Amino acid sequence: MNNERYLACISSNQSAGEQVRRDVAETLAGLHIVPTGFSFPPLTDGYLWKLQQIALDDADFCVLILGSDYGPVSETGVGYLHRAAAHAMATEKPVLVLVCEALSESPSKVDHLRYMNMLHDLRKQARVIDAVHPTDIRDLLEKAVEELVEGGRLRGWQRVGEGSTHTEVKVLQQQIGELREYLDQVRRGDQPKGHGNRPPAVDYRVKVFRDGNMTTHEHALKIGWDGLFELVAPLLTVPKREAEWKAEVEERLLARVQPDLRKSHPKAHGFVALRVDGVVFDQIKQHYRRLGWVTQVDGIWQLTALGEHNWARLENQSSI
């Protein structure tokens, strides 16, 4: 292990038992990893999910503990544990799945069918570890975490005082230059730089939950450049890495297209893990970067002062 420190969000139902969760937390702590997150009780509410979502977003990677039950179901029709897994993978967080079915009580047949479908999905998309005996947990988890850290996929903590002041100055200088250019155009009466090209159709994939199964479907949203900017701009008032920004855009987009998805899939119980096509997202971000509305330095994206001006303009137009 290196000197970096990491955050791991643990998601579980309560069927696996507190001892399993304690073993996982202690194993992670021994590896210099801080465990966060909550277990989902039988009566889980939306507030607890919001807290878990915050923990998932902050984490470097996620650990899912599967007992033998599917667990409580959210208002979207998807189990909270299933939803946590989908959210983690949608935000491109590495996911370790610790299966402790052999250590848990037997579930109902109906619940177990949904559980097996969830596990089938996870085995295709995440690192799955099967624990048959309580003593397996520590050794298997420690090995999987060490492989994850050595693979270089985790960001870890940024130590205090290591932020780049030089980088911050460069960003401000770039924004000042863009604002000067914009003001000069206004003074001369020139037409400010326009969009120029047509916006791409926003192609996306979404997982449709029906009868305990999740299947992936492809759709597209047609929306103008200004409408797209109203969708993406509010998320960059705080600097973000690209993966985090894209994941939040996908969450906002899912909320927007829910009515259309319900029409397309009338028998579905819920929709999760919407993913925008990577090529399309590249076109969107580079378009607004060319206009000077967003900026990217050292992998961090942020709304510029010019971008804030145009976002406010669009908001005012929408309210008229």
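Is Phe40 buried or exposed, and what is its relative accessible area? In this predicted model, Phe40 is buried, with a relative accessible area of 1%.

The structure holds nine aromatic pairs, one of which joins Phe40 to Trp49 in a tilted arrangement, with 6.5 Å from centre to centre and 35° between the planes. Trp49 likewise counts as buried, at 4% relative accessibility. Another pair, formed by Tyr288 and Trp293, is stacked, its centres being 6.0 Å apart and its planes 15° from one another. Tyr288 has a relative accessibility of 0% and counts as buried, and Trp293 is buried as well, with a relative accessible area of 7%.

In soluble globular proteins, nonpolar side chains tend to be buried together. The largest nonpolar core of the model comprises 35 residues, and those with the most contacts inside it are Phe229, Leu253 and Tyr288. Among the elements that give two or more residues to this core are strand 7 (202–210), helix 7 (225–232), helix 8 (242–264) and helix 9 (278–291), with helix 8 giving the most, namely six residues. Apart from this core lies another, of 32 residues, which includes Ala59, Tyr80, Val97 and Met118.

Asn117 is buried because its relative accessible area, 18%, falls under the 20% cut-off. When neighbours within four places in sequence are left aside, Asn117 is in contact with Gly212 and Asn213.

Methods
Residues are numbered from 1 along each chain as its sequence is written. This is a predicted model: local features need pLDDT of at least 70, side-chain atom pairs count only at pLDDT 80 or more; totals for chains, interfaces and linings use all residues. Side-chain values use heavy atoms; hydrogens and water are left out. Buried means under 20% relative accessible area, exposed over 50%, partly exposed in between (1.4 Å probe, protein chains only). Contact means heavy atoms within 4.5 Å. A nonpolar core is a set of buried Ala, Val, Leu, Ile, Met, Phe, Trp, Tyr and Cys residues joined through side-chain atoms within 4.5 Å. Helices (H or I, at least four residues) and strands (E, at least two) are DSSP runs, numbered from the N terminus. Rings of Phe, Tyr and Trp (its six-membered ring) pair if their centres lie within 6.5 Å; planes under 30 degrees apart count as stacked, over 60 as edge-to-face and the rest as tilted.
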